[in-house]
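Reader: I am new to this structure. Could you take me through some of the words used to describe it?

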Amino acid sequence: MFTIDFETYCDLDLRKVGLDNYVNHRSFGVALAAVYDDNYNLEPKVFDFIKTPIVALGGLRKSVQRAQESTGTFVAFNADFERAVLRRILRSPLHNVTWLDPMEISLIMGGGAALETAAQQFLGVGKLPEGPRLVKLFGRGGLTREFVENNSDDWKLYQDYVIEDVNRAHELILYFESMGDLKYMNYDSALTSAMNFAGWPVDVDLVKQMQQAVEHNTAKLLREFKEAYDPKDLLNLNSTKQMAAWCAERGIRATGFDEVNVAKLKSRLITALERQVLKGLDNDPKVQSIREVLAMLEVRQQLGGARSSAVQRNRD
């Protein structure tokens, strides 16, 4: 089996933009790669793409080709990531390769989705506690040889970290292999990977129409609010300070206008409004103030809310 792990860097947050956008961004790059081929290596081998990029790429390409020609079985924890990185740096997909993903098998067996969690659960071993700090230090876009040399001790520790990841992934697969048929246990992983590689069809024209509709409705809502409650256009709905002062002028205290705080404040004001109306105080100035603030909160939600951003993510 050929086990592989990458440590990469990029300006983007993988969790926010998704795998494809991450690996294809102009700031993306490979920092380190570690491989362990149990047919040839007695221990994992590290390729340094920052200090010796040409040697690293050549060595990795040779190792991958040799593994393809021998067993053709590749192992990686969260294999979709390693497969995408390989496709990016080798500039071609791998053919005649079977991927085994200990993360998918861990989930099937009720374990964790993080390598450190699965390793602790099934193997009783952890990972380097410095890992998160090192990923943060070297995972930003624009990683250079000068930066690495100025942080040489941490860079050596980072190499140990990627070696440890390869070892843990390999040990997990051996553990799972001892418990049953890996092909059966990896069946869901293979299907998921095949679907992800093929992609999902998106009606781009329809998504654009949805975006235009959202923008039109938001502009209409903002225009109606300004005409009714802010005709002089004095309130900046992107200014927390101004919105808090606007609420205070109407006898309502507001401390934040993010999604959670807006939802809580709306709920509180709706309850208060219902009580006032039930008392027959529909024309009370306090009721009007509540309605004005509710109208402002509705516009605020639309301007920075999930509907518009979700459509934009679909377009991206």
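Predicted model: local features only at pLDDT ≥ 70, side-chain atom pairs only at ≥ 80, totals over all residues.

Reader: Thanks! Why is S106 called buried?

Author: Buried means under 20% relative accessible area, exposed means over 50%, and partly exposed is in between, using a 1.4 Å probe and protein chains only. S106 has a relative accessibility of 0%, so S106 counts as buried. You will find S106 in helix 5, residues 102-108; helices here are DSSP runs of H or I with at least four residues, strands are runs of E with at least two, and both are numbered from the N terminus.

Reader: What does S106 touch?

Author: Contact means heavy atoms within 4.5 Å. Leaving aside neighbours within four places in sequence, S106 is in contact with G111, G112, A118, F122 and F176. The S106 side chain also reaches the backbone oxygen of G112 at 2.7 Å.

Reader: And A67, why is that residue buried?

Author: The relative accessible area of A67 is 0%, so A67 is buried. A67 belongs to helix 3, residues 53-69. Not counting residues up to four places away in sequence, A67 touches F2, D37, G72 and F74.

Reader: How do you know whether D233 is buried or exposed?

Author: D233 has a relative accessible area of 52%, so D233 is exposed. D233 sits in the loop between helix 12 (204-229) and helix 13 (240-248). Its phi is near 55 degrees, a positive value in a residue other than glycine.

Reader: What makes N78 partly exposed?

Author: N78 has a relative accessible area of 32%, so N78 is partly exposed. N78 lies in the loop between strand 4 (73-75) and helix 4 (79-90). Phi of N78 is near 65 degrees, a positive value in a residue other than glycine.

Reader: Now the helices. Why are helix 3 and helix 4 called oblique to each other?

Author: Axes are lines fitted to C-alpha atoms, for helices over the stretch in contact, and angles run from 0 to 180 degrees between N-to-C directions. Helix 3 and helix 4 pack at about 120 degrees, with axes 11 Å apart. Angles under 35 degrees count as roughly parallel, over 145 as roughly antiparallel, 65 to 115 as roughly perpendicular and the rest as oblique. Helix 3 and helix 4 are therefore oblique.

Reader: Which residues meet there, in helix 3 and helix 4?

Author: L57, L60, R61 and V64 in helix 3 meet L86, I89 and L90 in helix 4. This contact has six nonpolar residues, no polar and one charged. Ala, Val, Leu, Ile, Met, Phe, Trp, Tyr, Cys and Pro count as nonpolar, Asp, Glu, Lys and Arg as charged, and the others, Gly among them, as polar.

Reader: What makes helix 6 oblique to helix 9?

Author: The axes of helix 6 (residues 115-123) and helix 9 (residues 152-179) come within 10 Å and cross at roughly 45 degrees. That makes helix 6 oblique to helix 9. In helix 6, L115, A118, A119, F122 and L123 meet D165, R168, A169, E171, L172, Y175 and F176 in helix 9. By class, that contact has nine nonpolar, no polar and three charged residues.

Technical notes: Residues numbered from 1 in each chain as written. Heavy atoms only, no water. Polar contact = N/O pair within 3.5 Å; in protein donor to acceptor, adjacent residues only side chain to side chain.
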